[in-house]
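I opened this entry to note what I looked up, step by step. The order follows my own questions.

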Amino acid sequence: MEEEKKNEVEEEEKEEVKKDSEKEQEKDRFGRTLYTATCSDCGKETKVPFKPSGDKPVYCMECYQKHRPKRSF
Ligand SMILES: [Zn+2]
């Protein structure tokens, strides 16, 4: 009987954690939902304002600067 009670408590705790992470949906300053993606260059975790489709490379801020076309002065 005691074991059953223990399991119930553990499940409740897990649900609370789930709800908390849902609440913490990150938004950028324009109110767009940010998705977590892995940078295709350095492998670092980054946030992007679109859902990573997987068929296109996603870059973090640093690598995005490196990969975008250079401005001609
Ligand atoms: Zn990167």
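**Contacts and fold**

I started with contacts. Of those in the protein chain with a separation of 6 or more, 2% are between residues 24 or more positions apart. I kept in mind that this is a predicted model.

Next I checked burial. Of the 73 residues of the protein chain, 3% count as buried.

Then I listed the elements. The protein chain has two helices and two strands. Read from the N terminus, their order is α-β-β-α.

**Confidence**

How far does the predictor trust the chain? The mean pLDDT of the protein chain is 79, and 67% of the residues score at least 70. I noted a caution for myself: where pLDDT is low, the predicted coordinates should not be read in detail.

**The hairpin**

I moved on to the strands. Strand 1 covers residues 35-38 and strand 2 covers residues 45-48. They run antiparallel, and four bridges join them. I looked up one partner: A37 bridges to T46 in strand 2. The two strands form a hairpin, with six residues between them. In the turn, I found G43 with a positive phi of about 80°.

**L34**

I picked L34, which sits in the loop between helix 1 and strand 1. Is L34 buried or partly exposed? I counted 14 other C-beta atoms within 10 Å, so L34 is partly exposed. A buried residue would need 20 or more.

I then listed its contacts, leaving aside neighbours within four places in sequence. L34 is in contact with E26, K27 and D28, and also with K47, V48 and P49.

**K44**

My last stop was K44, in the loop between strand 1 and strand 2. Why does K44 count as partly exposed? K44 has 13 C-beta neighbours inside 10 Å, and the exposed class ends at 12 or fewer.

Beyond its neighbours within four places in sequence, K44 is in contact with C39 and C60. I also looked up Y59, which is 15 residues from K44 in sequence. From C-alpha to C-alpha, K44 and Y59 are 8.7 Å apart in space.

Definitions and conventions: Residues are numbered from 1 along each chain as its sequence is written. This is a predicted model: local features need pLDDT of at least 70, side-chain atom pairs count only at pLDDT 80 or more; totals for chains, interfaces and linings use all residues. Two strands pair if DSSP finds at least two bridges between them. pLDDT is the predictor's confidence in each residue, from 0 to 100. Two residues are in contact if their C-beta atoms, placed from the backbone, lie within 7 Å.
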